[in-house]
Amino acid sequence: MLVGITYDLGSYVSENWEFLLRGLGRTLLVSAIAIGGALVIGAVLGAARAHRVPVISQLASAYVELIRNTPILVQIFFLYFALPQPIGPWPGVRLDVFTVAWLAVMIWGGAFNTENFRAGFEAVPWRFREGALALGFGRVATFLNVTLPIGGRIALPSSINTYIAVLKNTALLYVISYEELTTSALQVNALTLETAETFTVLGAVYLALVWSLSAGIRGLEGRLALPESR
Amino acid sequence: MTAGATSNGDSRALIRLENLSKRFPGQKQNAIDNLSLDIPEGEIVILVGPSGSGKTTTLRMINRLIEPTSGRIFLEGEDVTSVNGDKLRRRMGYVIQQIGLFPHMTIETNIATVPRMLGWDTKRIRTRVRELLDLVGMDPEVYAKRYPKELSGGQRQRVGVARALAADPPVLLMDEPFSAIDPITRARLQNEFLQLQTKIRKTIVFVTHDIDEAIKMGDRIAILDESSHVAQYDTPSTILAAPANAFVEDFIGAGASLKRLNLTHVADVHLLDWPTMPVSAERDSVRAALLRSDKGSVLLVDDARRPQRWVNAMDLEHGSIPLAESGLEAPVMQRTATLYDALNEMLNSLQGATAVVDENGAFCGVIDIETVAAAIRKMREEARLVYRGEGGSPREPALAGAERGGDGDVRGGSDFGGAAPGGGDDFGAAAAGGGDA
Ligand SMILES: Nc1ncnc2c1ncn2[C@@H]1O[C@H](COP(=O)(O)OP(=O)(O)OP(=O)(O)O)[C@@H](O)[C@H]1O
Ligand SMILES: [Mg+2]
């Protein structure tokens, strides 16, 4: 069977779609968990950074530096292979492959999102916060009612990019053999050797995923947009 | 310099500042230094002073957005220097320099902020929002669902005031609320705000760096020097007639006698009766009304007695033009406007007289250039007496035509004050000339 001579996308898809779909499902699941987690991490740690909450702010800063300055592959390997082993009475940490999968991409996205949100919160004009304080909001209420909704909107475009990167990064999970879309496709390829078809389908599916993700978020952005930017 | 600050005023002090000082971290000098001030209930007290004198800091210490380094603050007799700041702030509406409406909330939600925080039910909040929008002269049907960006600067300012009033706090703190607005709109907002104050009677601390605005808006003015040292704390008329020192004199600037024109409100002078007719009336009955009066023109008003057109005998000759379009448009002046505003209006319009309206826009009389000119003549004579030391009391010279002259009623000022060319004498002469014409 020679690649290129028998290029037949139709029969490739009809023979392998079930297997690939299962991989796609895992990609979506891991991405959803990681994006949701990155959103929460970003908002919480971004707030701590922007408001210079003692201790938490410094820890968040260290976390962001660590993640941004090391390759994500190393982070995945670290979580999978390098966490402390049980020694004597110490329990150690052993994570299963699924946990490592979503955790790794979430931690990565959370670090980038912390910076996105920090910048967003810091860009909220002081007069809005002053207005809230003057009306008798406490610090937490001011954050929830004013800084978060306004700063969150400011941070939205850059955090969309982070979410897209999180989605694409799930492909790297093949290094720990987590059977998401890319791993599944590579397995099909190993059996069928239909390399051209495999990567055509893989590319097309990722393209569709990223497009629909960004279209979805942009739709949300449009609905959240304040009148000035409409 | 705090001698005059704690006044022996008869009205009760709603807010009392006692030896208030503030030193910001890392600074050698006090930003506010030993400030004492009594703010009487129901009055507008203006803090005015050069940039950096500490006006905003003082205002923010009153609601403890900035904590004082030393000194005490009393509200309604209660020492609030160390009570819960968030709760304290709910008792004081605050309108800030750049308004600070929340851009992600509709006008309605913005105004409802404090009531929601206080846990009012939805229906009560709705009613209150509508009431407040009406109060500041904005149609709830049109504006409730809009976002701040969809309003003009003046409208946003009004919403800012409405939001500050939402839970009906006894105190209103305002930091240069009208400074970012064009002069014409500003004058109108000032007049509307004075009108509003006659209804709500709040205790208001109002910061400005514009002495003309201070004279117009204030029942009392505190002129602040560096570090909020009180250079003088008194009624506008006293400050104008008898500045306490060189700093105050300098701050008032040239044309102090002309600024006194701002102290008298249109409502305080004798308004002329004028023949009016409904704009829907027959041409002949308008002509008859004109013949019956000695005024030479008739003011046409609509059903709500709002002035529409000035018509004279000649206008009535043009039978082809409907009454509603004949003659001249009738500009109006609110009762809270000052003689200065009135003079300006008349110099700008073709009529030597302007219709005056009440808070509902209904006609209540006419002010003519003669009235203003007489006020100016009287004022200049008095000023001469005061400065030669011949006048009886320099503190409260009566103003021509002022029916009521008590402290509480004397207000003045206008945007145009600062722009008056060459001060009082030029302008007085111009007005007198206009009066003769
Ligand atoms: N948060 C702060 N930290 C340090 N210094 C401050 C702070 N706020 C104000 N100051 C200083 O206190 C002084 C008074 O400032 P303030 O803002 O009260 O002046 P202002 O009279 O309102 O002036 P303007 O008319 O320009 O608004 C200034 O010298 C200012 O630099
Ligand atoms: Mg200021």
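**View 1. Strands β9 and β10 of chain B pair in an antiparallel arrangement.** In this predicted model, strand β9 (residues 220-224) of chain B is joined to β10(B) by 4 bridges. Across this pairing, B:I221 stands opposite B:D234, a residue of β10(B). The two strands, β9(B) and β10(B), make up a hairpin, and 5 residues lie between them. One residue of the turn, B:S227, has a positive phi of about 55 degrees.

**View 2. An open sheet of 4 strands in chain B.** The strands follow the order β11-β12-β13-β14, and their pairing is mixed. The edges are taken by β11 (276-278) and β14 (328-329) of chain B. Each of these edge strands has a single partner strand, so one side of each is left without a neighbour in the sheet.

**View 3. The residues around ligand 1.** The shell consists of B:F24, B:A31, B:G49, B:S51, B:G52, B:S53, B:G54, B:K55, B:T56, B:T57 and B:H209. Sorted by class, the shell holds 8 polar residues, 2 nonpolar residues and 1 charged residue.

**View 4. The contact between chain B and chain A.** On one side are 19 residues of chain B, and on the other are 17 residues of chain A. Helices α2 (85-89) and α4 (113-117) of chain B each supply at least two residues of the side that touches chain A. By class, this side of chain B is made up of 8 nonpolar, 6 charged and 5 polar residues.

**View 5. Residue A:A208 in helix α8 of chain A.** The helix spans residues 195-224, and A:A208 is found within this range. Is A:A208 buried or exposed? Around A:A208 there are 10 other C-beta atoms within 10 Å, and a residue with 12 or fewer counts as exposed; A:A208 is therefore exposed. A second residue in this view is A:I160, which lies 48 residues from A:A208 along the chain. The C-alpha atoms of A:I160 and A:A208 are separated by 16 Å.

Technical notes: Residues numbered from 1 in each chain as written. Chains lettered and ligands numbered in written order. Predicted model: local features only at pLDDT ≥ 70, side-chain atom pairs only at ≥ 80, totals over all residues. Contact = placed C-beta atoms within 7 Å. Nonpolar A, V, L, I, M, F, W, Y, C, P; charged D, E, K, R; others polar. Near = placed C-beta within 6 Å. Buried ≥ 20, exposed ≤ 12 C-beta atoms within 10 Å, placed from the backbone. Pairing = 2+ DSSP bridges.
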